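Good morning, colleagues. Please have the sequence and the three-dimensional view open while I speak.

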Amino acid sequence: MTKSLQLAAPTVQAFVAEIFAAAGSSPREASLLASHLVEASLAGHDSHGIGMLPTYVDSAQNGELKLNQSLRTVSDLGGILMTDGQRGVGQVMAHDAMCLGIERARVAGLALVGLSDAFHIGRIGAYAEQAVAAGLVSLHFVNVLSEPQVAPFGGKIARLGTNPIAIGIPRAGAEPIIIDMATSRWAIGKVRVAHNKGEKLPPGILLDSQGETSLDPGDIFGIPKGALTTFGEHKGWCFALAAELLGAALVGGITQSRPKTRPELINSMLTILISPERLGTAEHFARETDALVAWVQSDENGQPSRVKLPGDPERKYREDRRVAGLPIDRVTWNQILAAARSVGLEHDPAR
Ligand code: NAD
């Protein structure tokens, strides 16, 4: 195993933006995308960070990802906004859909935003963070339309994507609670990262093509391929199904209901935004949240325990990586440099 590089986040962000601009993105698109990817890497989610760049550049070149699309409004009933991501850069489509939803939820107290068929929207927690920054609670259900990666509980064959779910809870005077997770035990990108690093998987994450437990991350990329398992056995499968139906079917997106011929990477998302202010419960909500957090984080003597809240691990990663830099394994960095060369950029900011 070769040692990872350690690069300063602003250096990487500038390089990522330069690559997307060279691939044809507008300055705004390149900048939003680079910022999302670097933020995901900073938050410790290397699976959804800059390691996605080679896939995006490749997809832009083969036409599956459409650069410089605008979010299309399908219908606008005020509190219900349905949009179409038109296979555009998902991070921009979802960001823009959230901005529109946030405006509406602040006025009406509640907004439902449908986003159908955007290209990969990345780390879903980013949209929960956008909502909590505006003082809103948010719920996100997302389907993944790509080569199926996850076996339904009780099945042996991959039928669904890693269908993430996120919930954002704002807190007055304290860091928000950000619940953001794949409904598979591991996100596929994490398996890719392990594969690139030459690492084995813990048991229970992956089935091989015969439906037996496998420790080899290569099994998910091989032919015939294996399948990821859902978290919490049948319970994760229930949520994966809900994310598929609510995240895509309900908002006009395409579901994984037929064999796929191309490995495109499309997300649809249902978002619900709620304003505690407008519900009239903001003070009560803040007080009860603080009391509950203190309760769950205390030990039997009333002293602080080591219990973390969802969102804490990402904050700790950010703190550390802003100082130490982003760790990037050599395989991933070489893939990024190859993508850069494919759009005419020859330099390597790591040198
Ligand atoms: P994860 O397992 O690392 O974390 C899941 C959640 O658990 C997070 O909210 C985290 O803050 C919380 N958490 C982690 N450790 C904790 C602890 N000890 N105590 C309390 N809370 C804790 O996340 P994941 O399931 O591997 O997902 C990784 C990323 O992949 C997410 O950002 C997700 O949005 C993204 N994703 C995206 C897609 C897509 O198609 N766009 C698909 C799947 C996953």
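This is a predicted model: local features need pLDDT of at least 70, side-chain atom pairs count only at pLDDT 80 or more; totals for chains, interfaces and linings use all residues.

**Packing, sheets and cysteines**

Leaving aside residues up to four places away in sequence, Asp 348 touches Trp 333 and Leu 337, where contact means heavy atoms within 4.5 Å. Residues are numbered from 1 along each chain as its sequence is written, and side-chain values use heavy atoms, with hydrogens and water left out.

Asp 348 lies in the segment after helix H11; helices (H or I, at least four residues) and strands (E, at least two) are DSSP runs, numbered from the N terminus. Is Asp 348 buried or exposed? Its relative accessible area is 16%, so Asp 348 counts as buried. The scale used here calls a residue buried under 20% relative accessible area, exposed over 50% and partly exposed in between, with a 1.4 Å probe and protein chains only.

Tyr 56 brings us to helix H3, residues 53-61. Its buried residues are Leu 53, Pro 54, Tyr 56, Val 57 and Ser 59. What covers them includes helix H1 (9-23), H2, H4, strand S4 (110-119) and helix H11 (330-342). Just after H3, Gly 63 adopts a positive phi of about 90°.

How do helices H2 and H4 cross? The axes of H2 (residues 27-42) and H4 (residues 90-108) come within 9 Å and cross at roughly 90°. Axes here are lines fitted to C-alpha atoms, for helices over the stretch in contact, and angles run from 0 to 180 degrees between N-to-C directions. H2 and H4 are therefore roughly perpendicular to each other, a term that covers angles of 65 to 115 degrees; under 35 counts as roughly parallel, over 145 as roughly antiparallel, and the rest as oblique. On the H2 side, the contact is made by Arg 28, Glu 29, Leu 32, Leu 33, His 36 and Leu 37, and on the H4 side by Gln 91, Val 92, His 95 and Asp 96. By class, the residues of this contact are four nonpolar, three polar and three charged. In that scheme, Ala, Val, Leu, Ile, Met, Phe, Trp, Tyr, Cys and Pro are nonpolar, Asp, Glu, Lys and Arg are charged, and the others, Gly among them, are polar.

Helix H5, residues 125-133, is mostly covered, with seven of its nine residues buried. Those residues are Gly 125, Ala 126, Tyr 127, Ala 128, Gln 130, Ala 131 and Val 132. They pack against H2, H4, S5, S6, S7 and S11.

I turn now to the sheets. Seven strands make an open sheet of mixed pairing, in the order S2-S3-S4-S11-S5-S6-S7; two strands pair if DSSP finds at least two bridges between them. At the edges stand strand S2 (72-76) and S7, each pairing on one side only. On average, neighbouring strands of this sheet are turned by 10° against each other, direction ignored.

Within this sheet, strand S5 (residues 137-145) is joined to strand S11 (residues 266-274) by nine bridges, in antiparallel fashion, and His 140 stands opposite Thr 271 in S11. S5 also pairs with strand S6 in the antiparallel sense, over four bridges, with Phe 141 opposite Ile 165 in S6. S6, residues 165-169, is mostly covered, as four of its five residues are buried. Five bridges link S6 to strand S7 (residues 177-181), again antiparallel, and the partner of Ile 167 in S7 is Ile 179.

A further open sheet has three strands in the order S9-S8-S10, with antiparallel pairing. Strands S9 (213-214) and S10 (227-228) each have a single partner strand, so one side of each is left without a neighbour in the sheet. Two bridges join S8 (residues 206-207) to S10, and Leu 207 has Ala 227 as its bridge partner there.

Finally, the cysteines. How many disulfides does a search of the whole structure find? It finds zero, taking a disulfide as a pair of cysteine sulfur atoms within 2.5 Å. Cys 99 counts as partly exposed at 32% relative accessibility, and Cys 238 is partly exposed at 46%.
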